[in-house]
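Dear colleague,

I am passing on the structure we spoke about, with notes on what came out of it. Please look it over alongside the text below.

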Amino acid sequence: PIIASHVGGDTSADMIALNMLAEHEIAMLVDVGTNTEVVVKKGDRLVAASCPAGPAFEGGGVEFGMAGYEGAIETLTIEDDTFKFHTIGDLPPEGLCGSGLIDLLAELRRNEWMAPSGAFKDKQLALTVDPEREITFSRQDASNLAQAKAANTAGMYLVMRHLDVKPEDVETLYLAGGFANYVDIPNAIEIGFLPPVPEDQILKVGNASVIGARDALLSRTMRESAERLPDVIEHMELETEPDFFEVFVEACQFDPMMFEWE
């Protein structure tokens, strides 16, 4: 049996939450996916929320978006006004996976080809990433990614605010999820996909669900500890926060996250 808790029913989140309880005064878990799970620990409290981000960063809702398969653009830069990229497997590009999309957004902002709102320079409706393969990135693609990012950003911001935790307070941010393991951290912070926790305090744990499932199946102690977590974790319903919509709309901007709730 796989143990399910209030942290989105994800065993890996259970196991990391146990580690957060044991080792940190202030820590954070972000498990990126179609539903991103956020857990923040401060003292004896663990507060969790689920962010319905949707599949945009996993290829859905982006015309040339795709999962992290061979042929996916996984890293990208702009050099001499030209897109330079690397694909998984060094194959001809077929589209952009999550890490490539984050690089693209950060590079567009860095080079002032895109406004924080997602509007392209010179009112263009689409940009050509690879002319030979006719791979483009449209204003609509950017809009869909903005909404997905905003769900993640709003969730992280509201849970951190709830416990009065600032990025500089976080001892370790555990970053989980399939594509999150390949994300360029500075680029993710630059577009507001992650809070500005110091990079050396962000620990990528990959697709941790496999390890969590293994631990739950093989260790009675871990399984029993995970079963007790629902009694400890406080579940936060983001949409019930009075200013949720305002926070979400602000988070649609491709800018670093701001923490100014004093």
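A residue is called buried when its relative accessible area is under 20%, exposed when that value is over 50%, and partly exposed in between, using a 1.4 Å probe and protein chains only. This is a predicted model, in which local features need pLDDT of at least 70 and side-chain atom pairs count only at pLDDT 80 or more, while totals for chains, interfaces and linings use all residues. Residues are numbered from 1 along each chain as its sequence is written, and side-chain values use heavy atoms, with hydrogens and water left out.

Of the 262 residues in the protein, 53% are buried. The secondary structure comes to 7 helices and 11 strands, where helices (H or I, at least four residues) and strands (E, at least two) are DSSP runs numbered from the N terminus. The radius of gyration, taken over C-alpha atoms, is 19 Å, close to the 18 Å that the globule rule (2.2 Å times the number of residues to the power 0.38) gives for 262 residues, so the protein is as compact as a globular protein of that length.

Helix H5 (residues 209–218) has Gly 212, Ala 213 and Ala 216 as its buried residues. Because these cover an arc of only 100° around the axis (the arc being that of the directions from the helix axis to the C-beta atoms), they lie on the same side of H5. The face turned away from that buried side carries the exposed residues Val 210 and Leu 218.

The parallel strands S9 (residues 172–176) and S10 are joined by 4 bridges, and Ala 176 stands opposite Gly 206 in S10.

Finally, strands S7 (residues 126–130) and S8 (residues 135–138) pair in the antiparallel sense over 4 bridges, and Leu 127 has Phe 137 in S8 as its bridge partner. Their hairpin has 4 residues between the strands, and Glu 134 takes a positive phi near 55° there.

Best wishes

Conventions: Pairing = 2+ DSSP bridges.
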